[in-house]
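Thanks for asking me to take a look at this one. Could you keep the model open beside you while you read my points?

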Amino acid sequence: MIYSFWIFDRHCNCIFEREWTLANSNNTNAMGNGTINSKQNDEVGKLLYGMIFSLNSVTQKLSSSLSENQINNNIRSISTGKFRIHTMQTATGLWFILVTDFKQQNYSQVLQYIYSHIYVKYVVHNLLSPYDFALNPKEQRGQGIKRINNRHFINSLEAFLQPMLT
Amino acid sequence: MPHQRNSSIQNPEALERQRQYELFQESLPKVNALVYQMLLNEIIPLSSHVENQLQTIPMEEFSEDQTESQLKDLSLEEKQVSNPSSSDQLIYKLSQLADEDENEFNNTLKRVRDIGIKLGTRLTNLLVFTNNVNLNFKEMDLLLIMKFICRDVWKQIFGKQIDNLKTNHRGTFYLIDYDYALIQDFCIETNTIPSQLNEEVITSKELKLVEPFLELPVGIIKGVLLSLGYPLEEVICLATFIDKPREKIRNGFPKGISFHVQITKPNQQQ
């Protein structure tokens, strides 16, 4: 079961959010239940990113004091009583985050696939998408409002994650 | 172009030449298709930017009517801190221009087309004509030239052939490419979730955004015809969107492209 999926860019902005559990209040969403890029999840997104960001800086600090042998000590998942958060950070500073139940241990390949086959194809290689979702410096420190609203991206993400939802 | 007899493929001499040609093709440096496509696509926002700058330079004082919107976008304050002209913004601006300032819009399209023409003449000379034993331009009529564009030129530049060629045998041709390579991953970014919006509105906006990108292949077709002796003013070439056949509709761009080519004085060549 997947509860939600998030993408954050290197300016700490949430640039995409998909939530499958919340009731769908105002829109007629062709994709079934849940919300996409909804305002009501703004706060959750900020908290989620804040937690991952600070945990990650802790692990970075720990690893730098451990040894010269620099293996990447980014966090991969966080478990709580009810769910598990899987994360992947790209070298370009993007965070791909998946919130799931305990059924499956490892979602890193799923995240990698979303990045390489969906995000790169429909956002990076699409010249009609911005290369940077923060349009000006005011939007750079987590204040950005621009989201990925591109139907090819949404449709293929939906098609890819659909079998894992239940 | 070396002289060549028809149907001489069995001939050992011709076979040798064919082999040489293949070796030559292999020896050419290889370029990453993605990078090449991105560069080709950047021509459009670049042309738009150049045209935009040209419009503003000669004016000492900004006149109100034309540049008020530009002033807003290019005000000094903002220019120093951010980049107001990233490619995607330029493309969206360009499609607005179609309604607001037809002159500048058409100049931009012409600029793109001219680049296509230069690319067309040079690339075909460099990559396609050189050492290609399968081509004999002496006996080529217009139909063969069109076939040459569909097969060899398109393959060299876009990595695939034209899907369909139609003609009325009187100098009018339709070259149909159902998945024109450079725009396959293009998709409009909207302000809210696309499923909340009217699909037709989105599609028509998207087509409008993509339209300038079609001037590049138009220019390339004209450039190839120019290098084969059809002057630019005798060739009409227009690109339009057409529906894809059902089996081709998948994730790519929703429309195919039809290039309408017309030679106004077809008999002068013979």
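Here are my notes, one topic at a time.

1. A word on the ground rules. This is a predicted model, in which local features need pLDDT of at least 70 and side-chain atom pairs count only at pLDDT 80 or more, while totals for chains, interfaces and linings use all residues. Residues are numbered from 1 along each chain as its sequence is written, and chains are lettered from A and ligands numbered from 1 in the order in which they are written.

2. Chain B overall. Chain B holds nine helices and four strands, where helices (H or I, at least four residues) and strands (E, at least two) are DSSP runs numbered from the N terminus. Their order along the sequence is α-α-α-α-α-α-α-β-β-α-α-β-β. Of its 270 residues, 29% count as buried; a residue is buried if 20 or more other C-beta atoms lie within 10 Å of its own, exposed if 12 or fewer, and partly exposed in between, with C-beta atoms placed from the backbone. Taking contacts in chain B between residues at least 6 apart in sequence, 69% join residues at least 24 apart. Contact here means that the C-beta atoms of two residues, placed from the backbone, lie within 7 Å.

3. Where the chains meet. On the chain B side 22 residues are in contact with 25 residues of chain A. Helix H2 (33-56) and helix H5 (87-100) of chain B each supply at least two residues of that side, and H5(B) gives the most, with three residues. By class, the side of chain B that touches chain A has nine nonpolar, 10 polar and three charged residues. For these classes, Ala, Val, Leu, Ile, Met, Phe, Trp, Tyr, Cys and Pro count as nonpolar, Asp, Glu, Lys and Arg as charged, and the others, Gly among them, as polar.

4. The axes of H2(B) and H5(B) come within 9 Å and cross at roughly 65 degrees; axes are lines fitted to C-alpha atoms, for helices over the stretch in contact, and angles run from 0 to 180 degrees between N-to-C directions. H2(B) and H5(B) are therefore roughly perpendicular to each other, given that angles under 35 degrees count as roughly parallel, over 145 as roughly antiparallel, 65 to 115 as roughly perpendicular and the rest as oblique. Their crossing is left-handed, meaning that the near helix is turned anticlockwise from the far one by less than a right angle (right-handed if clockwise). H2(B) contributes Glu42(B), Ile44(B), Pro45(B), Ser48(B) and His49(B), and H5(B) contributes Ser87(B), Leu90(B), Ile91(B), Lys93(B) and Leu94(B). The contact has five nonpolar, three polar and two charged residues.

5. A helix pair in chain A. Helix H2 (residues 108-124) and helix H3 (residues 151-161) of chain A pack at an angle of about 160 degrees, with their axes 9 Å apart. That makes H2(A) roughly antiparallel to H3(A), and the crossing is right-handed. Ile114(A), Ile118(A), Tyr122(A) and Val123(A) of H2(A) meet His152(A), Phe153(A), Ser156(A), Leu157(A) and Phe160(A) of H3(A).

6. The core. Which residues have the most contacts inside the largest nonpolar core? They are Trp6(A), Ile97(A), Leu98(A), Ile149(B), Ile221(B) and Phe259(B), in a core of 80 residues. A nonpolar core is a set of buried Ala, Val, Leu, Ile, Met, Phe, Trp, Tyr and Cys residues joined through C-beta atoms within 7 Å. Helix H7 (residues 142-158) of chain B provides the largest share, 10 residues. Not counting residues up to four places away in sequence, Phe259(B) touches Leu175(B), Pro217(B), Val218(B), Ile221(B), Cys237(B) and Ala239(B).

7. His86(A) sits in strand S5 (residues 84-89) of chain A and is buried, with 24 other C-beta atoms within 10 Å. Beyond its neighbours within four places in sequence, His86(A) has contacts including Leu98(A), Tyr107(A) and Leu111(A). Lys255(B), in strand S4 (residues 255-263) of chain B, is buried, with 20 other C-beta atoms within 10 Å.

8. Please check two backbone angles. Cys12(A) has a positive phi, near 65 degrees, and lies in the loop between strand S1 (2-8) and strand S2 (14-19) of chain A. Asn37(A) has a positive phi of about 45 degrees and is buried.
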